[in-house]
Number of protein chains: 2
Amino acid sequence: MIEEVVKQWHAHMRGELKNGLDILLADDCVFYSPIVFTPQVGKEITKMYLMAAGQTLPGDKKDDASEKKDSSGKFRYTKEVMSGNTAVLEFETTVEGKYANGVDIITCNDEGKIVEFRVMFRPLQAINAVHRQMGAMLEKMKPE
Amino acid sequence: MIEEVVKQWHAHMRGELKNGLDILLADDCVFYSPIVFTPQVGKEITKMYLMAAGQTLPGDKKDDASEKKDSSGKFRYTKEVMSGNTAVLEFETTVEGKYANGVDIITCNDEGKIVEFRVMFRPLQAINAVHRQMGAMLEKMKPE
């Protein structure tokens, strides 16, 4: 079951799954932030966090990248480990020009909907950059 | 292969595998710290980090724990995902009395020796606590 969810997740990440998060997330999905202790409960708030992450973590944009940088500044998955109803997707990207290494830990229910989405980062300077960038992005996304 | 390594790892964590790290780690093992960007290359330095982690992360000791606390303050693995030569072990513990949630991402070679050990934490306050505690522990462990 989780294999199909991960396939859909990748399609969503490539922009090829219309309303991807609406399709993928269960109504009672819980998001565990890399920064904040308190679990974020529910589909809407999980969507907001994942959309903020999507804006914050894509890595160096073309016009930021110096000539010397290769494509390694861009967000990319580096490991994929799955069993039962859980997948761990390790990734690398850059945030504020700093190397960031993280994991998405995704758990689905028997209907193939994501019920838990957990994110962690290393090293420390990446976490501090994610903290700043995600904070600013979530502030922008708040309803007026 | 990774299943056997994880079995040995748990035996090591329970103190039931004599010279556990010597047996488990490959000579060219690389440790990716939750704090520091630079990979730590080699069996000896990986051992040092894992021993420091073992001292720092066991969670609340009996005499720290208030009556109200249950056993949840102690280090425990909460998820185990394995495939191919990689295992992801998610854990919870407490550091400086704060909840800490992390992953050990362990990769082994065809001889069943660990060649890569990667650690990440959430949330931010746990990472800051790990930073302080691991730093102090590594300082203590340095050869004079």
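Colleague: What percentage of the residues of chain A count as buried?

Modeller: A residue is buried if 20 or more other C-beta atoms, placed from the backbone, lie within 10 Å of its own, exposed if 12 or fewer, and partly exposed in between. By that count, 31% of the 144 residues of chain A are buried. The model is predicted: local features need pLDDT of at least 70 and side-chain atom pairs count only at pLDDT 80 or more, while totals for chains, interfaces and linings use all residues. Residues are numbered from 1 along each chain as its sequence is written, and chains are lettered from A and ligands numbered from 1 in the order in which they are written.

Colleague: How many helices and strands are there in chain A?

Modeller: Helices (H or I, at least four residues) and strands (E, at least two) are DSSP runs, numbered from the N terminus. Chain A has four helices and six strands, in the order α-α-β-β-α-β-β-β-β-α from the N terminus.

Colleague: Which rotation superposes chain A on chain B?

Modeller: Two copies of a chain are related by a rotation about an axis and a shift along it. Superposition is by least squares on the C-alpha atoms of residues with pLDDT of at least 70 in both copies. Here a rotation of 180° with 0.0 Å of shift along its axis places chain A on chain B, with an RMSD of 0.0 Å. This is the relation of a two-fold axis. The same surface serves both copies, since 100% of the contact residues of chain A recur in chain B.

Colleague: How many residues does each chain give to the contact?

Modeller: Residues are in contact if their C-beta atoms, placed from the backbone, lie within 7 Å. The contact takes 25 residues from chain A and 25 residues from chain B. On the side of chain A that touches chain B, at least two residues come from each of strand 3 (76-83), strand 4 (86-95), strand 5 (98-108), strand 6 (114-122) and helix 4 (124-141). That side has 16 nonpolar, six polar and three charged residues; Ala, Val, Leu, Ile, Met, Phe, Trp, Tyr, Cys and Pro count as nonpolar, Asp, Glu, Lys and Arg as charged, and the others, Gly among them, as polar.

Colleague: At what angle do helix 4 of chain A and helix 4 of chain B pack?

Modeller: Two packed helices are described by the angle between their axes and the distance between the axes. Axes are lines fitted to C-alpha atoms, for helices over the stretch in contact, and angles run from 0 to 180 degrees between N-to-C directions. For these two helices the angle is about 155° and the axes are 11 Å apart. Helix 4 of chain A and helix 4 of chain B are therefore roughly antiparallel, a term for angles over 145 degrees. A:Leu124, A:Ile127 and A:His131 meet B:Leu124, B:Ile127 and B:His131 there.

Conventions. Two residues are in contact if their C-beta atoms, placed from the backbone, lie within 7 Å. Angles under 35 degrees count as roughly parallel, over 145 as roughly antiparallel, 65 to 115 as roughly perpendicular and the rest as oblique.
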